Amino acid sequence: MTDQLKVLKYYLYYKYILPRNPFLRDRKALKQWQGKKLEKHLAYVAGHVPLYRGRRKLSSYPVIDKAFMMKHFDRMNTVRISRKEAEAFALRAERDRDFAPKLRGVTVGLSSGTSGHRGIFLVSDEEKVRWAGYVLAKFLPGSILESMDIAFFMRADSNLYQAVNSRRIRFHFFDIYQDMEEHIKRLEALQPRILVGQPSLLLMLGEQVERGALHISPEVLISIAEVLEGEDETRLKKVFRQKVIHQVYQCTEGCLASTCPLGTLHLNEDIVHIGRQYLEGRRFVPIVTDFERKAQPMIRYRLNDILVEREKPCACGSPFLALEKIEGREDDMFSFLDEQGREKWIFPDFIRRCVLFAGVKRGERGGAVAARKGEGSAGGKKTARDRAEGTWEYRVVQSPDRSITVYAELSPAEEEAVRREFQKLIRDRELVLPEICFAPYDRELGKKLKRIQRIQASETKNRDL
């Protein structure tokens, strides 16, 4: 059977057959079904993965992270590929920008290393076509038999995405490291029905649409790789005239969540089991067990992402856990000292609010400030209308010494409004206010945008070297 036929098989399974399974009626039935899937998968893992030989119960597996997986890479895959050869192969593909070759029939990928440590993932051909069928079932508008051009902006291409290509469905890779002007010309000629990219990239394209430099009307917009901030989502809906901005929460460890037709992000609990380590209230860190991957099994893999459960179930009726949002990474929680000198941690969302709440208040007078400055959309600065609506580009970064820098194009009055929000947060939490600085907005093209970021001492040392 060809890859295209296998993709079609999995598409039909995930689109039409699986949704009719009785396990989808409620959470209790879902858990029972997951238990059977896990039992079967762990029996395979116990017999084929050297490190996990004989382990048949999920509770007998250690909770692992990326460092553990990389350390034991050679004994945690079933395709007999060593970390050394996989790493060399993946780095060569990155250097040559040629992602077509496979290593002994296995797709090898390199994670972007947002948390400071890159990971290597292995995907077999069968897993590749299963993933392609699953993603198409989730996001394809209309029928799989219709003609469809999909434009996706990513750091690296992969055999994983090319598995989808057929005469009707065509994936077009746009390298985010390449010239944006050429991308715009290519998009204009392509007129994609589906546009996939990082929120920061989608916003850049949206700005070109507003300026009249790009004329595209995708049916589906899919946000990947970065946290989709609420204000960015609102902006993208408006510019591209979308009711829903779809999200795919995918990483080295698997395709973990996706949006339903109502726009709610749900865990993909038909292909992964997600344990939850709660931090505070409805915030939790996911512990992932994928019961489909065999080349490189992911069992009880702890991510450092902070997810927030929805307070109420989604109206779509899905039994899969609904998320309020992906808040950010655990290692991007900001560190403060209280009045007794003890370290206290603040979640990224509270830092985000210090900027956004100041922006809402400032919106009443922001347009006049921008109008005086004569700012326009070109070059990344916001128009007077944008600033009046309280939307602008920003980043908030905490240094190892706990000082905070807000990167944004702000007037002195606006800077003071942001500073007051931080003072309020610090006062409410009975903390010591660190130094707060302001600088013009900047970001490095080709890297994931992290609006809230804490730089650790080890990262500073690596940059100095």
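Which residues does Q34 touch, not counting residues up to four places away in sequence? In this predicted model, local features need pLDDT of at least 70 and side-chain atom pairs count only at pLDDT 80 or more, whereas totals for chains, interfaces and linings use all residues. Residues are numbered from 1 along each chain as its sequence is written, and side-chain values use heavy atoms, with hydrogens and water left out.

Q34 lies in helix α2 (residues 27-48), where helices are DSSP runs of H or I of at least four residues, numbered from the N terminus. With the stated sequence neighbours excluded, Q34 is in contact (heavy atoms within 4.5 Å) with E269, V272, H273 and F291. The C-alpha atoms of Q34 and H273 are 7.2 Å apart, although 239 residues separate the two in sequence. Q34 is buried, at 1% relative accessibility; buried means under 20% relative accessible area, computed with a 1.4 Å probe on protein chains only.

Helix α1 comprises 15 residues (3-17). V7, Y10, Y11 and Y14 are the buried residues of α1. They cover an arc of only 105° around the axis, which puts them on the same side of α1; the arc is that of the directions from the helix axis to the C-beta atoms. These buried residues pack against α5 (125-139).

The structure holds 0 disulfides (pairs of cysteine sulfur atoms within 2.5 Å). For C260, the closest cysteine sulfur is that of C314, at 3.8 Å, too far for a bond. C260 is buried, with a relative accessible area of 8%, and C354 is also buried, at 3%.

Definitions and conventions: Buried < 20%, exposed > 50% of the residue type's maximum accessible area, 1.4 Å probe, protein only. Helix = DSSP H or I, 4+ residues; strand = E, 2+ residues; numbered from the N terminus. Expected span 1.5 Å × (residues − 1).
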